[in-house]
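Please consult the sequence and structure shown below.

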Amino acid sequence: MQLRELLCNKRILVIGDSILDHYIYGKVYRVSPEAPVPVVVKKNDSYFLGGAANVAQNITAFGSKCSLLSVTGNDLAKEKMEVLCGQKKIECLLISDDTRPTTIKTRVIGNDHQIVRIDEEVTDEIDFEIQKNIINLLNHIINDYDIVILQDYDKGLLTRDLILEIISICNQNGKKTIVDPKDSDISKYSCCTLIKPNLSEFKSMSGISQHSDVAIEEIIRIARKKIEEFEIQSFLITMSENGMLYVDRLQSIYEPGIKIEVSDVSGAGDTVSAVISLCISANVEMKDCIKLANTSGSLVCQISGAVQIKPEVLLSSISRNNPVMSLNDGTPLIV
């Protein structure tokens, strides 16, 4: 059985904060006489899908179907996002909120260096009516999907009550939930299938100083305590160049980091969310899920901007050292 075939026939729902990434490229020839800042002569600009939309495009890159449930403004940026999603074969389930703009991050790049970033956003929690609309929609469509990803960037969409209700609906319908958290209050994500904090977020959740070194054994101990306390099935803790660590009640799997030339870490977490969700929904053995997710995050760090992973690049990279993987039932998979 071919791994690529398994990863191209899933149907995944991504719920979360979508971002439109805007890059303005130009040249710097002088300093402004008005203030000690560079004058950028604009050459061109580009728009890319970011946030939850970047997770979605990483899923469709494998050929699987993905729907994006998000809240945007009622503006031109929403229209631009819909166009970009269409180009990436993402089904848009966008709910307009007239009280906020579509989130845009504009980065000005002069002489190949980022000079400034300008954010257009409102991070107030969405109102009760919009939350109710999301829940009603989810109840109607939940059985169309293999797995649900909650991609939280703390932009106001994923409120505490909404997160808990989404996870409850998924559990009632036998659907797994993958959570990429932003809040240090882990109780918001109770009863999810897998929660994927980075090491900094895990420390915040655990009351550990950001400056403290934490041994792998201690991370495992704390994660298992959280698993019991909040009825979470598993943790996947990403640790940048140090790889990632998977923990559940019965096992822990550490996958070391891969030595690479880092160009841009933005979007790496989105790629890991997409790949781990595809692998879990395809019933790939967990140690192989972690290996694929770890490699995918490393590969996109070598590319500037939040971009989708190329499946052929990922599978080619994996196959050099791991030509055969397996499903949970032991069935071999050819990479």
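Predicted model: local features only at pLDDT ≥ 70, side-chain atom pairs only at ≥ 80, totals over all residues.

## Helix packing and the sheet

Helix α2 packs against helix α8 (residues 268-281) at an angle of about 45 degrees, and their axes are 8 Å apart. The crossing of α2 with α8 is right-handed. On the α2 side, the contact involves N54, V55, N58 and I59, which meet D270, T271, S273, A274 and L278 of α8. Sorted by class, the residues in this contact are 4 nonpolar, 4 polar and 1 charged.

Helix α2 (residues 52-60) also lies across β2 and β3.

| Element | Partner | Angle |
|---|---|---|
| α2 | α8 | about 45 degrees |

Strands β2 and β3 belong to an open sheet of 4 strands, ordered β3-β2-β6-β7, in which the pairing is mixed. At the edges are β3 (38-51) and β7 (113-120), each of which pairs on one side only. From one strand to the next, the twist averages 20 degrees. In general, strands of a sheet pair through backbone hydrogen bonds, in either a parallel or an antiparallel manner.

Which way do strands β2 and β6 run relative to each other? Strand β2 (residues 18-31) and strand β6 (residues 104-110) run parallel and are joined by 7 bridges. Within this pairing, G26 stands opposite G110 in β6.

Note on methods:
Residues numbered from 1 in each chain as written. Heavy atoms only, no water. Pairing = 2+ DSSP bridges. Helix = DSSP H or I, 4+ residues; strand = E, 2+ residues; numbered from the N terminus. Axes fitted to C-alpha atoms, helices over the stretch in contact; angles between N-to-C directions. Contact = heavy atoms within 4.5 Å. Left-handed = near helix turned anticlockwise from the far one by under 90°. Nonpolar A, V, L, I, M, F, W, Y, C, P; charged D, E, K, R; others polar.
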